[in-house]
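Please keep the sequence and the structure in view while reading.

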Amino acid sequence: MVTHTLPKYFFLTKNFNPMDLNDFTEEKRKFGKNVVKLRERMKSSEYKNRSISQQELSDKGGYFSKKTLGEIERGDGNPTLETILALAYVLEVHPKELFDF
C-alpha cells in the first residue's frame with residue numbers, strides 16, 4: 001500500500017494554495033521563447049527572405065494585438081486559453097506544440 005505524506009508547509013495555513021509559491025516566471029519565459037521560434041519558422045508575405053513579424057502575425061488572424069504577442073514572447077504576458085488557441089491557429093501548429101519547450 002502506498003501512503004502519501006503532506007509537506008509541512010501544508011499545515012501552516014488553512015487556505016494554503018501551492019500555486020502561490022510559484023509565479024511561473026521561468027515557464028512563461030520558455031513559452032515565449034518557443035513562440036518566437038515558431039513565429040520565426042514562418043515566412044513573411046511582406047518581406048522577402050524574412051520571417052513573419054509580430055505585427056504581420058497579429059494582423060493575420062486579428063485575434064490578438066502586437067502588444068499582446070510581444071508580452072507573450074518576452075514572458076511578461078499570461079495568455080488566456082483563447083489566446084493560446086488563436087496563437088496556435090495563426091502559427092499553424094497544434095496547441096500542444098506551443099508547450100514543447
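A crossing of two helices is left-handed if the near helix is turned anticlockwise from the far one by less than a right angle, and right-handed if clockwise. The model discussed here is predicted: local features need pLDDT of at least 70, side-chain atom pairs count only at pLDDT 80 or more, and totals for chains, interfaces and linings use all residues. Residues are numbered from 1 along each chain as its sequence is written, and side-chain values use heavy atoms, with hydrogens and water left out.

The protein chain has 4 helices and 0 strands, in the pattern α-α-α-α along the sequence. Helices (H or I, at least four residues) and strands (E, at least two) are DSSP runs, numbered from the N terminus. Of the 101 residues, 29% count as buried, where buried means under 20% relative accessible area, exposed over 50% and partly exposed in between (1.4 Å probe, protein chains only).

Two helix pairs are compared below. Axes are lines fitted to C-alpha atoms, for helices over the stretch in contact, and angles run from 0 to 180 degrees between N-to-C directions.

| Pair | Angle | Distance between axes |
|---|---|---|
| H2 (residues 54-61) and H3 (residues 66-74) | about 120 degrees | 8 Å |
| H1 and H3 | about 120 degrees | 6 Å |

H1 is therefore oblique to H3, and H2 and H3 are likewise oblique to each other. Angles under 35 degrees count as roughly parallel, over 145 as roughly antiparallel, 65 to 115 as roughly perpendicular and the rest as oblique.

The crossing of H2 and H3 is right-handed. Its contact (heavy atoms within 4.5 Å) is made by Gln54, Gln55, Leu57 and Ser58 of H2 with Lys66, Leu69, Gly70 and Glu73 of H3.

Between H1 and H3, the residues Lys28, Phe31, Gly32, Lys33, Val35, Val36 and Arg39 of H1 meet Leu69, Ile72 and Glu73 of H3.

The buried residues of H1 are Phe31, Gly32, Asn34, Val35, Val36, Leu38 and Arg39. What covers them includes H2, H3 and helix H4 (81-91).

Arginine 39 lies in H1 (residues 25-40). Arginine 39 counts as buried because its relative accessibility is 10%. Leaving aside neighbours within four places in sequence, arginine 39 is in contact with Ser51, Ile52, Ser53, Gln54, Leu57, Leu69, Glu73 and Leu91.
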